Amino acid sequence: MPTTIHRSVCPFDCPDACGLLVEVESGRALKVSGDPDHPVTRGLLCPKMQHYERTVHSPRRLTTPLLRSGAKGAGEFRPITWDEAIQRICCRWQGLIAQQGGESILPYSYAGTMGLLQRNSGHPFFYKLGASRLERTICSPAKEAGWKALMGETPAMDPFEIGQSDLVILWGINAVATSIHAMRDAQDARRKGARLWAIDTYRTPTCDACDESFLIRPGSDGALALAMMHSIVREGLLDRDFIAANVLGYDEFTSQTLSDYSPERISPVCGLAPEVIERLAREYARAWAPFIRLGSGLTRYANGAMNVRTISCLPALTGAWQRPGGGILTGTSTGGAFPLQRVTREDFMAQPTRLVSMNQLGSALTELGAPRVMSLYVYHSNPASIAPDQNAVVRGLLREELFTVVHERFMTDTARHADIVLPATSSLEHPDLYRCYGGYHAQRCSAVIPPVGESKSNWEVFSLLAAGMGWNEPFFRQSAEELIEQLLDYETPWRDSAVSERLRQGEPVLLTPPGDPKRSWLTPSGKIEILNEREVEPLPRLLATHAEGDGFPLRLQSAATPYALNASFYERDDLRSRQTCMELMMNPADAGQRGLSSGDAVTAYNQLGEVGFTLNVTDRVPPGTVVTEGVWWSEFIPAGRGVNALTSQRLTDGGRGSTLYDVAVEVGRTGVERSTGCG
Ligand SMILES: Nc1nc2c(c(=O)[nH]1)N[C@H]1C(S)=C(S)[C@@H](COP(=O)(O)OP(=O)(O)OC[C@H]3O[C@@H](n4cnc5c(=O)[nH]c(N)nc54)[C@H](O)[C@@H]3O)O[C@H]1N2
Ligand SMILES: Nc1nc2c(c(=O)[nH]1)N[C@H]1C(S)=C(S)[C@@H](COP(=O)(O)OP(=O)(O)OC[C@H]3O[C@@H](n4cnc5c(=O)[nH]c(N)nc54)[C@H](O)[C@@H]3O)O[C@H]1N2
Ligand code: SF4
Ligand SMILES: [Mo]
C-alpha cells in the first residue's frame with residue numbers, strides 16, 4: 001500500500017490549533033508532523049504531538065463498548081455490542097425521565113476535542129432530553145469577566161503585533177509549555193531588540209528564556225498592578241491626553257483607590273521589594289510599545305477576574321494602546337466566525353433546565369437534591385482527575401445508584417467508575433472544523449484513517465442515542481459532514497464565500513476579524529471603563545484570595561508540564577517518563593524548616609484531603625510556595641489521589657470560574673515508608 005499524506009488539525013485544548021500533516025499507510029497513521037504552510041504552526045509541533053500516532057494507535061485505546069462487571073470503580077468490565085449499550089442507556093434514561101424528570105440526568109464534557117462539531121454535538125441531544133445543563137466554566141471565564149468589566153466587547157488585539165513591541169511581558173503564562181508559538185513569536189521579537197519579561201509564581205522554563213523574571217505570591221497580580229500604577233501616577237509617567245480622550249474614571253481611581261496601594265504597602269502582599277515594583281513600573285511606562293501576553297495562571301483565584309481587570313488598566317494609563325505592538329492580549333475570540341447555534345440547537349430545549357457548575361461536580365453528585373443526579377454522561381472530559389475536590393467527585397462516582405456512562409479513548413479514572421464505557425474515535429478518525437483562541441485561523445479536516453476498533457465519534461453516538469430514544473427529528477440523522485457544511489454554508493463578517501471554499505478544501509485559513517480593536521472601545525460609554533458602576537466593585541481594588549483564610553502555611557501551585565495536557569497524554573510512556581513522577585517542588589528554606597530533602601515521600605494536606613508526592617527541593621520556587629506539574633492519572637500515583645484532592649469547589653469573583661490554583665497546604669513526611677513509583 002502506498003503512503004499518503006493528509007492534512008489534519010490538532011484537536012487539543014491549546015491556543016494554537018496546529019495544522020498537521022499525517023502520513024498514512026494501510027489505514028494506520030505512521031507519522032505526524034507540523035504543517036509548514038500553516039500560518040501559526042509553520043512546521044513546529046510541541047513535544048506532545050510530535051508522535052501523536054502513538055496516542056492514536058496506543059495499545060491502551062478502548063475498542064469496544066464495555067459493561068461494568070465488578071464493584072463500582074474497580075475497573076472490571078466485559079465487552080458488549082453497541083446495540084446493547086445504546087439500548088441499556090436509553091432504557092435507563094426513559095425510566096429516570098418518567099420517575100424523576102430529565103434534570104436527574106447530567107451531561108459532563110469539556111475540551112478533549114476542540115472541534116466545533118464534535119465538541120458541541122451533545123448540546124442538541126441533552127437540550128431535547130431536558131437534562132440538567134452544565135456550566136462549562138473550569139478554564140478561564142474569570143479572564144473574560146475581568147476583560148469585559150474594563151473593555152466591554154472590545155475584541156482582542158492582533159497577536160502578530162508582538163513583533164513590533166519593545167517590551168514583551170509574559171504574565172502568568174508558561175508559554176514554553178502551553179503556547180509554544182506565542183513563545184516563538186516572543187523570542188523573534190527579542191531577537192529584534194525587545195526585552196522579554198516573565199511574571200510568574202515560580203521559575204518556569206519560560207522564565208529561563210526571558211531577560212528577567214519576577215516571582216510573586218500566588219494571586220497577587222492585581223496587587224502588583226495597583227502598586228505599579230501607583231508608581232506610574234506618582235512619577236507622572238502617564239499619558240494624560242490618551243486618558244482624557246479614552247478612559248472613564250481616572251480621577252475616581254486615583255483618588256479613591258490607587259492612593260492606598262504604594263509599592264511599600266504592596267511589597268509584602270506580592271513578595272517583590274518596593275524598589276523592584278518601582279523599576280517595573282518605570283520601565284513599563286517608559287517602553288514605547290509594551291505588549292502584555294496575559295495567561296490564565298493568575299485567573300484561577302477568588303480574585304481572578306479582578307486580577308485581569310486591574311492588569312488591563314496598565315496600557316490605559318500609559319497610552320501603550322496607541323502604538324503598534326502596545327497593549328494587552330488575553331486571547332482571541334473567534335466565536336462570531338461560524339454560526340455555532342446550528343449545531344448546539346438551544347431551541348430544542350422545551351424550557352430552561354437547572355444549571356450545574358462543572359467546578360462543583362462533587363457537590364452535584366453527593367449533595368444536590370430535587371431531583372438528585374441519578375445519571376452522569378461524560379464525554380471528552382476526565383472529571384475524576386481534572387475537577388476540583390477529587391475526594392468529593394470520587395465519592396459521588398462511587399454511589400451505587402448513580403448510572404454513569406463515559407465515552408472515552410482510554411480507561412481514565414472517570415471511565416474506571418462507569419457502568420457503561422463507550423469507545424471514542426481520535427481526531428484522525430472523524431471530521432471536524434476548528435478555530436483557535438490564540439490567533440485567527442481556522443481549518444476543516446476529514447477523517448484520515450478508519451476508526452480504531454469499534455470506536456465512534458461524539459456526533460455518531462448522539463445520533464445513535466437519539467434513535468434509541470425514538471426521536472424522529474431529521475436533525476439527528478444528519479452526517480457529521482452535513483453538519484459541518486451548515487457551519488460553513490453561511491457568510492459572516494469574518495469570511496466570504498471564497499474563504500469558506502478554501503476551508504472546504506481543507507486549507508488552513510486566516511480569518512479577518514471585523515473592526516479595529518485599537519480604535520474603538522466597545523463599552524457602553526465608548527471609553528475604557530476603569531470606573532464601571534455596573535460591576536459589584538465599581539473600581540479596581542485589592543481583593544483577597546480564598547487560600548489566605550484557610551489556615552495552612554504554604555501556597556500550592558498546580559502547573560502545566562510540556563509533556564501532558566491537563567490529564568491527557570498520560571497513556572504515553574514516552575511522555576510520562578519525561579515527567580518522571582508526581583513531584584512537589586519546595587524551596588530549600590521551607591524544606592529545611594520541615595527537615596525534608598529531595599526524594600522524600602511527602603504528604604501535602606489541607607481541609608479537603610491529602611496527597612502523596614515525591615519532594616524536589618529547589619530554589620526554582622520561592623519560599624512559601626510549593627508547585628506540582630501535571631494532572632496525573634491515579635494508576636501512576638502511589639496513593640491514588642492527585643493534586644485535585646487538595647483543590648476546592650469555590651468559585652472566582654467573576655465568571656463562576658474554578659479556583660484550582662487558590663490552594664493552601666501543609667507538607668510533612670509521609671508516615672508510612674513506601675515505594676513512590678518514581679524513577
Ligand atoms: N503542555 C501543556 N499545554 C497546555 C496545557 C497543559 O496542561 N499542558 N493546558 C492547556 C489549557 S486547558 C490551558 S487553559 C492553557 C493554560 O495555559 P497558561 O495560560 O500558560 O496557564 P497556566 O498553565 O494555567 O498557568 C500559567 C503560569 O501561571 C503561573 N501562575 C499561577 N498562578 C499565578 C499567579 O497568581 N500569578 C502569576 N503571575 N502567575 C501564576 C503558573 O505557575 C504557570 O507558570 O494551556 C493549554 N496548553
Ligand atoms: N489541578 C489542576 N486541575 C486542572 C487544571 C490544572 O492546571 N490543574 N487545568 C484545568 C483546565 S484549564 C482545564 S481546561 C480542564 C480540562 O479538563 P478536560 O477537558 O477534562 O481535559 P483532559 O484531561 O484533557 O480530558 C479530556 C479527555 O477527553 C478524551 N477525548 C479526547 N478526544 C475525544 C473525543 O473526540 N471524544 C471523546 N468522547 N473523548 C475524547 C481524552 O481521552 C481525555 O481523557 O482541567 C482543569 N483541571
Ligand atoms: S502546540 Fe498546541 S495546537 Fe500545536 S500541536 Fe501542540 S497541543 Fe496541538
Ligand atoms: Mo484550560
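Student: How are helices H5 and H14 oriented to each other: roughly parallel or oblique?

Tutor: Angles under 35 degrees count as roughly parallel, over 145 as roughly antiparallel, 65 to 115 as roughly perpendicular, and the rest as oblique. In this predicted model, the axes of H5 (residues 141-151) and H14 (residues 304-311) cross at roughly 45° and come within 7 Å. H5 and H14 are therefore oblique to each other. An axis here is a line fitted to C-alpha atoms, for helices over the stretch in contact, and angles run from 0 to 180 degrees between N-to-C directions. Helices (H or I, at least four residues) and strands (E, at least two) are DSSP runs, numbered from the N terminus.

Student: What is the handedness of the crossing of H5 and H14?

Tutor: A crossing is left-handed if the near helix is turned anticlockwise from the far one by less than a right angle, and right-handed if clockwise. H5 passes H14 in a right-handed crossing.

Student: Which residues of H5 and H14 meet?

Tutor: Contact means heavy atoms within 4.5 Å. From H5, Ala142, Lys143, Ala145, Gly146, Trp147, Ala149 and Leu150 meet Gly304, Ala305, Val308 and Arg309 in H14. The residues of this contact of H5 with H14 comprise 7 nonpolar, 2 polar and 2 charged. In this scheme Ala, Val, Leu, Ile, Met, Phe, Trp, Tyr, Cys and Pro count as nonpolar, Asp, Glu, Lys and Arg as charged, and the others, Gly among them, as polar.

Student: Which residues come nearest to ligand 1?

Tutor: A residue is near a molecule or strand if one of its heavy atoms lies within 4 Å of it. There are 32 residues around ligand 1, of which Asp200, Gly219, Asp221, Arg300 and Tyr661 come nearest.

Student: What is the phi of asparagine 566?

Tutor: Most residues other than glycine have a negative phi, and most peptide bonds are trans. Asparagine 566 has a positive phi of about 50°, although it is not a glycine. Asparagine 566 is placed in the loop between strand S22 (554-559) and helix H24 (573-579).

Student: Which residues does a cis peptide bond join?

Tutor: A cis peptide bond joins alanine 370 and proline 371, with omega about -15°. Proline 371 is in the loop between helix H17 (361-366) and strand S15 (375-379).

Student: Which conventions apply to the numbering and the values?

Tutor: Residues are numbered from 1 along each chain as its sequence is written, while chains are lettered from A and ligands numbered from 1 in the order in which they are written. Local features need pLDDT of at least 70, side-chain atom pairs count only at pLDDT 80 or more, and totals for chains, interfaces and linings use all residues, whereas side-chain values use heavy atoms, with hydrogens and water left out.
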